[in-house]
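Student: Can we go through the pockets in this one? I have the coordinates open.
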Amino acid sequence: SIIFDFKAGGQFEVTMTMNNKTRKKTGTWKATASSLTMTVDGKTETMPYNIKGNKLVMKKSQKGRKMVHYMVRTK
């Protein structure tokens, strides 16, 4: 599982759990009306997003493949 905790002031924490091992990373974020920019470990990525109900939908291309990420609000 991957959980993003977007905090006020442009900070976020991501918690990744796989095979009973958990890793946490922190980074920064900012959003415009149509794109979300996140920086983690010195790498910056900008992707278009939209919000449908309580879901955040982000689209990006990685190694020639188009990916869509669906996030659901938990708090």
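Student: Which residues lie nearest the centre of the largest pocket?
Tutor: Phe4, Phe6, Met38, Met58 and Met71, out of 38 lining residues. This is a predicted model, where local features need pLDDT of at least 70, side-chain atom pairs count only at pLDDT 80 or more, and totals for chains, interfaces and linings use all residues. Residues are numbered from 1 along each chain as its sequence is written, and side-chain values use heavy atoms, with hydrogens and water left out.
Student: What counts as a pocket, and as lining?
Tutor: On a 1 Å grid over the protein atoms alone, a pocket is an open set of points where a 1.4 Å probe fits, with protein on both sides within 12 Å along at least five of seven lines; lining residues have an atom within 4 Å of a point.
Student: What volume does the largest pocket have?
Tutor: About 1,200 Å³, taken as the space filled by probe spheres set on the points, which are joined across faces, edges and corners.
Student: Which strand gives the most to its lining?
Tutor: Strand 5, with six residues; it spans 43–52. Strands are DSSP runs (E, at least two residues), numbered from the N terminus.
Student: And the lining by class?
Tutor: 19 nonpolar, eight polar and eleven charged residues. Ala, Val, Leu, Ile, Met, Phe, Trp, Tyr, Cys and Pro count as nonpolar, Asp, Glu, Lys and Arg as charged, and the others, Gly among them, as polar.
Student: What lines the second largest pocket?
Tutor: Ser1, Ile2, Met16, Thr17, Met18, Lys21 and Arg23. Strand 2 gives the most, three residues, and the pocket holds about 160 Å³ of space.

How values were computed:
Helix = DSSP H or I, 4+ residues; strand = E, 2+ residues; numbered from the N terminus.
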